[in-house]
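Good morning, colleagues. Please turn to the sequence and structure that I am about to display.

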Amino acid sequence: MKAFMDKDFLLQTDVAKELYHNHAAKMPIFDYHCHINPQEIAEDKEYENITQLWLYGDHYKWRGMRTNGVAEKYCTGNASDWEKFEKWAETVPHTLRNPLFHWTHLELKKFFEIDKVLSPATAKEIWEECNAKLQTPEYSCRGIIKMANVHTICTTDDPVDSLEYHRAIKADGFETAVLPAWRPDKAMAVENATTYNAYLSELEEAANININSFSGLMEALDDRHEFFHLNGCRLSDHGVETILAEDYTEAEIEKIFIKVRKGGALTKEEVVKFKSCMLYEFGIMDHSRGWTQQFHIGALRNNNTRLFKKLGADVGFDSIGDFDIARPLSRLLDRLDMENKLSKTILYNLNPRDNELIATMIGNFQDGSVPGKMQFGSGWWFLDQKDGMEKQMQALSNLGLLSRFVGMLTDSRSYLSYTRHEYFRRTLCNLLGNDVENGEIPYDMELLGSMVENICFNNAKAYFNF
């Protein structure tokens, strides 16, 4: 019987251990998609206690707590930080076989050198030990980033964002590159005319351009796109239920835009046409400046209407959706490719049924210009656990080139989530180690070691070329 989470955690063979300890573990982290707040890095925020660092904004933990019968006041409510931590400690023993159990103890071990299992019995001592360390300079926001050996961070930013904190971080000479990533979802969210027009007012102010026509909208967005580019952005991201690629005419889009600009409610068909146009135009914009585009596909969001109205979005009431994605995704990529304007692209699916779909789709548009130009993104959200990551890598291995994969990301709002990279790296090394053990691939440590190092860091560094 192995000890829980020892140095060979998840590593089942000697080859896996060799690959992880001699190759994967030493590589820096290239975290090319996350949701951390750049203001905290710019100000080098210090945390009063572990709850502020660990539980604020973490909807993964909130879902687990709610499932364990914990009242909302201990998740997003006004309970004290100690009370929230205490309720999380009560929940953790019930998360056995859920990735939360692994993530929790990886984070305690990696950043606080705590090997104890978190439970009601250990809660007070772990609370005190973590909080004592958080009072030292090494545990500031930037200190934690350095501790995790993070090379690059790409945040998620709206076109109207000022990027002032990114500029401040750069001016400070912080060793880790912190770059913006363009997330223009609100610029195509025409379902609610009131909300959309309020957003366009912000966009007008940011771009200093009047938006009275669709061409005015595109001019304002291109102005902000250039602004992001000048501030180091080379990466866009779209969070969509599915890709939309319906036929439309310029006259139709102008008519739709004027209608919503006047506060009119659009039909479902009009919404689909407008968003189809916007996704294409964003693709053209990205290609014009040599960016990489990302598509996160398949989340069914805000399922609990009562709690959405009370708490808002991104607090743990989203799930996997079952949308049709193959044909519209093919149409959008094909249209851009036919015009020689298809950027490097990363596709993430949230429904595991779509693994092979995505793995084969990317092969349709590899053109030999860049190794792994089209990428099957890492296991995302509900799939960024051992089983989900293994299935993603198996599909990519069977239908593409795992060796060209740009690897893991945190997709997180927590600075302790860099252990997700360790979790991924251990899983990758174990996958390859088992193949060697089974005689399916050769025991060639030069070949395997370089492959692991590339997937962990080198591929991403070369692919994004920041």
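Predicted model: local features only at pLDDT ≥ 70, side-chain atom pairs only at ≥ 80, totals over all residues.

I begin with helix α1, residues 14–24, and helix α18, residues 419–437. Their axes lie 7 Å apart, and the two helices pack at an angle of about 140°. With angles over 145 degrees counted as roughly antiparallel, this value makes α1 oblique to α18. The crossing of these two helices, α1 and α18, is right-handed. On the α1 side, the contact is made by V15, A16, L19, Y20 and A24. The α18 side contributes E422, R425, R426, C429, N430, L432, G433 and V436. Sorted by class, the contact of α1 with α18 has 8 nonpolar, 2 polar and 3 charged residues.

Helix α1 also packs against helix α19, residues 445–464. Here the axes come within 10 Å and cross at roughly 55°, and α1 and α19 are therefore oblique to each other. This crossing of α1 and α19 is right-handed. From α1, the residues V15, E18, L19, N22, H23 and A24 meet M445, L448, G449, V452, E453 and C456 of α19. That contact of α1 with α19 divides into 7 nonpolar, 3 polar and 2 charged residues.

I turn now to the serine. S343 is placed in the loop between α15 and β8. Is S343 buried or exposed? Its relative accessible area is 4%, so S343 is buried. The S343 side chain reaches the backbone nitrogen of H287 at 3.1 Å. Beyond its neighbours within four places in sequence, S343 is in contact with residues including D286, W291 and K373.

Note on methods:
Residues numbered from 1 in each chain as written. Heavy atoms only, no water. Axes fitted to C-alpha atoms, helices over the stretch in contact; angles between N-to-C directions. Helix = DSSP H or I, 4+ residues; strand = E, 2+ residues; numbered from the N terminus. Parallel < 35°, antiparallel > 145°, perpendicular 65-115°, else oblique. Left-handed = near helix turned anticlockwise from the far one by under 90°. Contact = heavy atoms within 4.5 Å. Nonpolar A, V, L, I, M, F, W, Y, C, P; charged D, E, K, R; others polar. Buried < 20%, exposed > 50% of the residue type's maximum accessible area, 1.4 Å probe, protein only. Polar contact = N/O pair within 3.5 Å; in protein donor to acceptor, adjacent residues only side chain to side chain.
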